[in-house]
Amino acid sequence: MIITTAWRTDEPCPTCGNGLTLLDDGETPIRWECRLCGDNPIDLDVTGGDW
């Protein structure tokens, strides 16, 4: 059973402007998802920030 952890971010979705969600299931690379429009941007700059 794979458990996915989700974090709400302040990073805006490039499509709709809603805050993106960061998803981590421990097996695949961490990925972004917009829970409003469903966009999965892959070219965001994720350098810096408070992790």
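The legends below describe close-up views of a predicted model of one protein chain.

**View 1. Overall arrangement of the protein chain.** This is a predicted model in which local features need pLDDT of at least 70 and side-chain atom pairs count only at pLDDT 80 or more, whereas totals for chains, interfaces and linings use all residues. Residues are numbered from 1 along each chain as its sequence is written, and side-chain values use heavy atoms, with hydrogens and water left out. The protein chain has three strands and zero helices, where strands (E, at least two residues) and helices (H or I, at least four residues) are DSSP runs numbered from the N terminus. Read from the N terminus, the order of the elements is β-β-β. Of the 51 residues, 24% are buried; here buried means under 20% relative accessible area, exposed over 50%, and partly exposed in between, with a 1.4 Å probe and protein chains only. The accessible surface amounts to about 3900 Å², and carbon and sulfur atoms contribute 51% of this area; accessible areas come from the Shrake-Rupley method with a 1.4 Å probe, and for residues only the protein chains shown count as cover. Among contacts (heavy atoms within 4.5 Å) with a separation of 6 or more, 15% link residues 24 or more positions apart.

View 2. Strand 1 covers residues 5-12, and strand 2 covers residues 19-24. The two strands pair in the antiparallel sense over five bridges; pairing requires that DSSP finds at least two bridges between two strands. Pro12 stands opposite Gly19 of strand 2. Six residues lie between the strands of the hairpin, and Gly17 in the turn has a positive phi of about 90°.

**View 3. Strand 2 and its pairing with strand 3.** Strand 2 is largely enclosed by the rest of the structure, because five of its six residues are buried. Strand 3 (residues 31-33) runs antiparallel to strand 2 and is joined to it by three bridges. The hairpin of strand 2 and strand 3 has six residues between the strands, with Gly26 taking a positive phi near 80°.

View 4. Thr9 is placed in strand 1 and counts as buried, with a relative accessibility of 15%. The Thr9 side chain makes polar contacts, that is, pairs of N or O atoms within 3.5 Å; within protein, one atom must be able to donate a hydrogen and the other to accept it, and residues adjacent in sequence count only if both atoms are side-chain atoms. The side chain of Thr9 reaches the backbone oxygen of Leu20 at 2.7 Å and the backbone nitrogen of Glu11 at 3.3 Å. Leaving aside residues up to four places away in sequence, Thr9 touches Gly19, Leu20, Thr21, Leu22 and Trp32. Glu11 also belongs to strand 1 and is partly exposed, at a relative accessible area of 31%. The C-alpha atoms of Glu11 and Leu22 are 9.7 Å apart, and the two residues are eleven apart in sequence.

**View 5. The salt bridge between Arg35 and Glu33.** The structure holds one salt bridge, defined as a side-chain nitrogen of Lys or Arg within 4 Å of a carboxyl oxygen of Asp or Glu. Arg35 and Glu33 form this bridge, and their closest N and O atoms are 2.6 Å apart. Arg35 counts as exposed at 54% relative accessibility, whereas Glu33 is partly exposed, with a relative accessible area of 23%.

**View 6. Cysteine sulfur atoms around Cys37.** Zero disulfides are found in a search of the whole structure, a disulfide being a pair of cysteine sulfur atoms within 2.5 Å. For Cys13, the closest cysteine sulfur is that of Cys37 at 3.7 Å, which is too far for a bond. For Cys37, the closest cysteine sulfur is that of Cys34 at 3.7 Å, again too far for a bond. Cys13 is buried at 4% relative accessibility, whereas Cys37 is partly exposed at 38%.
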